[in-house]
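This report goes through the side-chain contacts of one protein chain. Please keep the sequence and the structure at hand while reading.

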Amino acid sequence: MAIASMNDIIENILVRFCAPIGWLPSLDAPAYQLKCKTGTCVLIDTGKVRVFVTCEHVWTQWEKYKSNHPAAELLVDLGKGTPFILSNAKLLGRDTKCDLAVLKAEIDPQQLGSKEFFRIEEWPIPLPNVGDYLMIIGFPGRGRIALENGITIWKPTRLGYPVSSVRPNNITLAPEKKDRKSYEDGNEIDHFDIGGMSGSPAFLVRKIGKPLLAGFLYEGKTSADFIFLMPAHHLQPNGT
């Protein structure tokens, strides 16, 4: 099987564990108003609690917006086109230094749509090594399509880059070579603004065993530029 085809299969599996999030001034507001108010979250089962994880700066932006728009709602799209309301989710932990926010996922199985919770089986979560090839799955704003009936369709985008350096509070993916690839709908695409991908998971696909959740994207401008990840080992089994 061709490598590209195998990566497409892997993407279809990993995209089940992440979802786009955004907010509207009210539930009856048109979907196009999600513009520039989006991020990505990861669905995680720690073994003790199920959580949604995104970047703390995304949560801070939501709080500021909510303070100015009391009727606003925080939404997560679980694959059916109709969003799940996340506004009242319990905040289990937030850390400005790690740029992570963890929300308790109180959701019925039938509400999950096409999504699943990624089960963490090894604690603490291992760090990747320099040279490891990570696959990032997220939902940039450029892939959002707002339909007339108020339903929004989100296209996932896949980035595949090697690790340049690893530190306790940072994983760097540097554009050291001109071999970076970005994919959408299984097709290679030109580099783009990655706005909306904050909180996206980065997975290390291993030859043996399930993928390793290596980190969360928290900073970067375009898919051709430096990209920074917060190591997933900051996440704790209790969700903090």
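Predicted model: local features only at pLDDT ≥ 70, side-chain atom pairs only at ≥ 80, totals over all residues.

## Aromatic pairs

Seven aromatic pairs turn up in a search of the whole structure. One of them joins phenylalanine 17 and phenylalanine 118 in an edge-to-face arrangement, with 5.1 Å centre to centre and 75 degrees between the planes. Phenylalanine 17 belongs to the loop between helix 1 (3-14) and strand 1 (18-24), while phenylalanine 118 belongs to strand 8 (residues 118-119), so the pair ties together parts that are 101 residues apart in sequence. Both partners are buried: phenylalanine 17 has a relative accessibility of 10%, and phenylalanine 118 has 5%.

Another pair is formed by tyrosine 218 and phenylalanine 228; their ring centres are 6.5 Å apart and their planes are at 35 degrees, so this pair is tilted. Tyrosine 218 is in strand 18 (residues 212-220) and phenylalanine 228 in strand 19 (residues 227-231), so the parts they tie together are ten residues apart in sequence. Tyrosine 218 is buried, at 17% relative accessible area.

## Around phenylalanine 118

Phe118 is part of one aromatic cluster together with Phe17 and Phe203. The ring of phenylalanine 118 also has a charge over it: the charged end of lysine 210 sits 4.3 Å from the ring centre.

## Cysteines

How many disulfides does a search of the whole structure find? The search finds zero. For cysteine 18, the closest cysteine sulfur is that of cysteine 41, and at 8.0 Å it is too far for a bond. Cysteine 18 is buried, with a relative accessible area of 0%. Cysteine 55 is buried as well, at 1%.

## Salt bridges

Side chains of opposite charge can pair when their charged atoms come close. In the whole structure, six salt bridges are found. Three residues, Asp45, Arg50 and Arg119, are linked in a network of such bridges. Aspartate 45 meets arginine 50 at 3.7 Å, N to O, and meets arginine 119 at 4.0 Å. Aspartate 45 lies in strand 2 (residues 38-45) and arginine 119 in strand 8, so their bridge ties together parts that are 74 residues apart in sequence. Aspartate 45 is buried at 12%, whereas arginine 50 is partly exposed at 40% and arginine 119 is partly exposed at 39%.

A further salt bridge links glutamate 63 with arginine 94, with the closest N and O atoms 3.0 Å apart. Glutamate 63 is in helix 2 (residues 56-68) and arginine 94 in strand 6 (residues 91-95), so the pair ties together parts that are 31 residues apart in sequence. Glutamate 63 is partly exposed at 33% relative accessibility, and arginine 94 is partly exposed at 36%.

Note on methods. Residues numbered from 1 in each chain as written. Heavy atoms only, no water. Phe/Tyr/Trp six-rings, centres within 6.5 Å; stacked < 30°, edge-to-face > 60°. Helix = DSSP H or I, 4+ residues; strand = E, 2+ residues; numbered from the N terminus. Buried < 20%, exposed > 50% of the residue type's maximum accessible area, 1.4 Å probe, protein only. Lys NZ or Arg CZ within 6 Å of the ring centre and 35° of its normal. Disulfide = S-S within 2.5 Å. Salt bridge = Lys/Arg side-chain N within 4 Å of Asp/Glu carboxyl O.
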